Amino acid sequence: MDKVRLGIIGCGWCASDLYGPFFPYLENGIPVACMDVDPHQVDKIRHLTGIKKGYTNLEDFLADQEVDAVMVLTPTNLHADQVERAAQAGKHIYCEKPMARTIEEADRMIAACKQHRVKLQVAFMKRFNPSFQWVKQVLDEGRLGDIFEMRAVWDNGRAATSAKANYRHRMKSGGGYLQEDGSHPIDICRWYMGEVSHVFGQTMLVAANRFENDDVDLLVMRHQNGTMSSLHITMLSHRTGMESYEIFGTKGTLLMEWLFHSTHSIEPAQIRIFEKSVKTTDISLSTSWNTHAELTRNWQYLNELRHFCDCVLQDKEPLVNGLDGRAVVEIINAAYVSYLEGRMIQLPLQNSPNFEQLFTA
């Protein structure tokens, strides 16, 4: 086998916008089937990608022997059941973030994949973004000295956007914006700063006329090595949005930021190092004038899918596996429990949050 035959579960926006147009550039994988309960969505993805087989029933889809691995691109509340069933069918699994609503669901997914000896990769695409990888290298080389703090900001301009049709804003999805988009910067904080030992969270539901779960959050994490990181996140900014990461060391301070968000761009971040409040060095990555070359090299969703297919073909453990996905779920769960109980939570977390209690309070 020189290419992994991929099946897509969930034919919505994620499949059509983040992955669908870029399959022709995937050298070690090919989509052969797709599945969604909505036949119109199935037809849409088949037309976009040229996939020959479409299903509206998960059991029939998983019985397809031509599918080696599945991409789980569905709402978070469906992940645990679909991953378990895919593992039982012997399919390797690429699961979009957030991995699950609770640590209990994440544990079920990990156990099923281990039992049936299939790969499980959680899709934290920023780990495959050249700008994030470059900053990780700078930190590992010690250019900032001893790191002691990191601050992440993730704002999105959805102040006037309708949320009626978006599953992310419904209580059945579990957590709200902290769980959905917050999983990205939380994973980066953990990747850069190490394992988390304590979590303190504050959460708000401001636009209660449109959303059923949180839309503003503040998270503080104490890491096992004694360092600290924080995340401020909201979807109610009246600006276009903001994504930035500021890292403080004894020799310098690094700032990585985008004009809007790294999620939608092949452009590198602006990355600067500040030293002694008088010296600023721009270490941003450069780009070529060839848009096609930049797309095939830097589209982070394509890069992480390449890695997954390589792990299947070479029988390797993914760099971002189920334990990484679970760790982020645990931090998010702990933040909600922290808000409910009004105290800092020490990990490992003992009990998952009661989402209904949290968002109806």
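This is a predicted model: local features need pLDDT of at least 70, side-chain atom pairs count only at pLDDT 80 or more; totals for chains, interfaces and linings use all residues.

Core entry. I found 79 residues in the largest nonpolar core, and I93, Y192, L254 and M256 touch the most other members. Helix α11 gives the most to this core, with eight residues. I then looked up L254 and left aside its neighbours within four places in sequence. That gave me contacts with V135, V138, L144, Y245, E246, I247, I271, R272, I273 and I283. Another core, of 29 residues, lies apart from the largest one; A15, F23, F308 and C309 are among its members.

Sheet entry. Which order do the nine strands of the open sheet take? I read it as β14-β13-β12-β11-β7-β10-β9-β8-β15, with mixed pairing. The edge strands are β14 (279-282) and β15 (345-346), each pairing on one side only. I followed β15 to its partner: β8 (residues 196-204) pairs with β15 in the antiparallel sense, over two bridges. There, H198 stands opposite Q346 of β15.

Helix entry. I saw α6 (residues 130-140) pack on the sheet, where α6 touches β7 (147-157), β11 (236-249), β12 (253-258) and β13 (270-275). The direction of α6 makes about 175° with that of β12. Helix α11 (residues 322-341) also packs on the sheet, touching β8, β9 (216-223) and β15. For α11 I noted an angle of about 60° with the direction of β8.

Conventions: Residues are numbered from 1 along each chain as its sequence is written. Side-chain values use heavy atoms; hydrogens and water are left out. Two strands pair if DSSP finds at least two bridges between them. Helices (H or I, at least four residues) and strands (E, at least two) are DSSP runs, numbered from the N terminus. Contact means heavy atoms within 4.5 Å. Axes are lines fitted to C-alpha atoms, for helices over the stretch in contact, and angles run from 0 to 180 degrees between N-to-C directions. A nonpolar core is a set of buried Ala, Val, Leu, Ile, Met, Phe, Trp, Tyr and Cys residues joined through side-chain atoms within 4.5 Å. Buried means under 20% relative accessible area, exposed over 50%, partly exposed in between (1.4 Å probe, protein chains only).
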